[in-house]
There are 2 protein chains.
Amino acid sequence: MKYHKKMEKTDNPKVYFRDKRVLITGGLGMMGSSLAIDLIRWGAKVTLLDALIEQYGANFYNIEKIKNSPNLQVIIADIRDKLAIEDSVKHKDIIFNLAGQVSHNDSLENPLLDLDINYRGHVTVLEACLKNNRSAKIFYAGSRLQYGNTQRIPVDENHPRNPLTPYATNKNAAEDYSNYCHKRFGLKTVVFRIANPYGPRCQIKHNKYGIVNFFIKQALEGNEIRIFGDGRQIRDYLYIDDLTKAFLFAAIPNQTNGEVYNVGSGVGISFAEMASKIVSIVGKGKLKHVKWPAEYINVETGDYISDIGKIQKHTGWNPSFSLEEGIRRTVEYYRSPQTRNRYLLPSQIFSPKSKFD
Amino acid sequence: MKYHKKMEKTDNPKVYFRDKRVLITGGLGMMGSSLAIDLIRWGAKVTLLDALIEQYGANFYNIEKIKNSPNLQVIIADIRDKLAIEDSVKHKDIIFNLAGQVSHNDSLENPLLDLDINYRGHVTVLEACLKNNRSAKIFYAGSRLQYGNTQRIPVDENHPRNPLTPYATNKNAAEDYSNYCHKRFGLKTVVFRIANPYGPRCQIKHNKYGIVNFFIKQALEGNEIRIFGDGRQIRDYLYIDDLTKAFLFAAIPNQTNGEVYNVGSGVGISFAEMASKIVSIVGKGKLKHVKWPAEYINVETGDYISDIGKIQKHTGWNPSFSLEEGIRRTVEYYRSPQTRNRYLLPSQIFSPKSKFD
């Protein structure tokens, strides 16, 4: 809490981020756009870079609120594009490297694509920083899936990493590469191993990732919500505003340079309970238990809860949204069919009302 | 030693490998060619696949002894070449996937090349096996460098892996991918984390890897042998015949499927002592202590000794060459300038006397 005190004086985010030049890869996704909204509010100059790959989370509607800000720039480019990235990282103070192939299960179908985006793409960003910008703070969005089967809960950062899928393997490799760039060249890298995030601005077209959001959509439409097995597997669900705050808090102190942090709510809730809460809050939808599909059971990690002691200690960050409150706010966001449709139609990523078309 | 007993009856390598179809990637390097010589002796049908990349270890002189065997086939192809690999893995009983970018230090200069060969290349081999051959036993040659800084010695397989370079990061990723293929699809993968191997058939053109061999060459030519720092760093040097034997022993039992093993001598010797032994056995050469160059000290792991208990228990394998004996045999191999020259001139990889030109 020492840091908290200090922050109230000089490192208040509202002061700290003013005029900071920030690059966010995957900037039109849930995480990137939520960060952008806060950063713009605090006076940062924000460049969003996104490849608009279908099935992933890019959506121009995500930046509806800030699209007219003079401090916002959007670049359509892919982190696999070396030249575009070498140019984009120049003169930035902070880089949130959040772009990714986001489906654990899709990595089983197309492992080389996952490798090229989720590992080689991040190496490309880091190498571009080595070439053109060694002073930026560089965040990498890893995943709790990097641990694979959990041997104990809560899981702290020293828990062995035995990834079960190409997705998790590539996330680990990208993390290791970040650490190497820190140790050898002094790059100010920070890696987050993120629990299950959810909230406004997540895609809800399919259930390949963002399951809380998908269930909310199902409930809002009065559909069936399918729970695999008995639904007793424990998960750690993290509301997007808490995650955004963690990124911002960790961006400020030097102590976070070169570190890896678990970021989650720190609270374990069973899958079935999460689904029940959604049905109860929405007031619609119906739970149905089904057998584990083979492609899921093989990559099931067992129960997971983040031990978030390290990031709390280093940054003063604390999650503040209960799952109920997070679901309520998310339901609120998608409640009107007009908003919801923006996240259902693939073509909506090219919003006709956007200045970026 | 239960397995040892069993082996003497039915699993004697001389019987086991007869008519086995074996693919060795990196087949013209030190490890691949040494394995090939043993396998041909035991009646296996051996396909060597090699990309002949300069600076690496491919050398046609390595297979001088067996080049006329009707059981030997050589394919010039790269593990990054999906179609060539998909074809090559067909109908094989055992695949020794040893191809690689072999210099730890070169991975710092050209990290994307290292990624493409040492990780993406191996994913290509494993995916080819998933497509065309799910029954082969598939070895991957990892490295003791996967551990990074050692927290304790001897190092067992549960020691944390915190790689210090792209090379080590990519080796870890390839290992994780092997394990994933085993767990999810039942591929019979085996990973070796190999200590510092040396012996006949290693390149001696430069000191980027195979330092024992390079020192032997320096001593044979009466040159200076440069030791970084005080030379007290402990290493585990593994003679090639012991390594070859480990591959063969581990190929036979089912118990090794899906496992990761340290493979080393299990004996720690200081760098300076290794160099002294070379000078003393060769009877020429001169030791010189120099300062650690920056590009080495940054990736120095600290002392390393393999804990080899697991592979000993699972396979009955034991290393049998002392460092003195190994050096003696290696010196013997390179002693004549005629042989030595075969390993010095890059063009010698295309031996004019070979049938493969």
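Student: What percentage of the 357 residues of chain A count as buried?
Tutor: 51% of them count as buried. Keep in mind that this is a predicted model.

Student: How many helices and strands does chain A have?
Tutor: Chain A has 14 helices and 13 strands. Its radius of gyration is 19 Å, close to the 21 Å that the globule rule gives for 357 residues, so chain A is as compact as a globular protein of that length.

Student: And what does its C-alpha trace span along the principal axes?
Tutor: About 50 × 50 × 45 Å.

Student: Which share of contacts in chain A joins residues at least 24 apart?
Tutor: It's 83%, counting contacts between residues at least 6 apart in sequence.

Student: Which residue with positive phi follows α8(A)?
Tutor: A:G222 does, with phi near 70°.

Student: New helix. How far does α6 of chain A reach from its first C-alpha to its last?
Tutor: α6(A) covers residues 111-132 and reaches 30 Å. That is close to the 32 Å expected for its 22 residues at 1.5 Å a residue.

Student: Where is the kink in α6(A) centred?
Tutor: On A:R120, and the kink is about 30°.

Student: Now the two chains. How many residues of chain B are in contact with chain A?
Tutor: 19 residues of chain B are in contact with 19 residues of chain A. On the chain B side, α6 (111-132) and α7 (166-185) each supply at least two residues. α7(B) gives the most, with nine residues.

Student: How do the residues on that side of chain B divide into nonpolar, polar and charged?
Tutor: Ten are nonpolar, four polar and five charged.

Student: Last topic. Which residues touch the most other members of the largest nonpolar core?
Tutor: A:I24, A:V263, B:I24 and B:V263, in a core of 198 residues.

Student: What does B:I24 touch?
Tutor: Leaving out residues up to four places away in sequence, its contacts include B:L35, B:V46, B:L48 and B:F96. B:G32 is another one of them.

How values were computed. Residues numbered from 1 in each chain as written. Chains lettered and ligands numbered in written order. Predicted model: local features only at pLDDT ≥ 70, side-chain atom pairs only at ≥ 80, totals over all residues. Contact = placed C-beta atoms within 7 Å. Helix = DSSP H or I, 4+ residues; strand = E, 2+ residues; numbered from the N terminus. Nonpolar A, V, L, I, M, F, W, Y, C, P; charged D, E, K, R; others polar. Rg over C-alpha atoms; globule rule 2.2 N^0.38 Å. Buried ≥ 20, exposed ≤ 12 C-beta atoms within 10 Å, placed from the backbone. Core = buried A, V, L, I, M, F, W, Y, C linked by C-beta atoms within 7 Å. Expected span 1.5 Å × (residues − 1). Bend = angle between axes of the 7 residues up to and from the residue.
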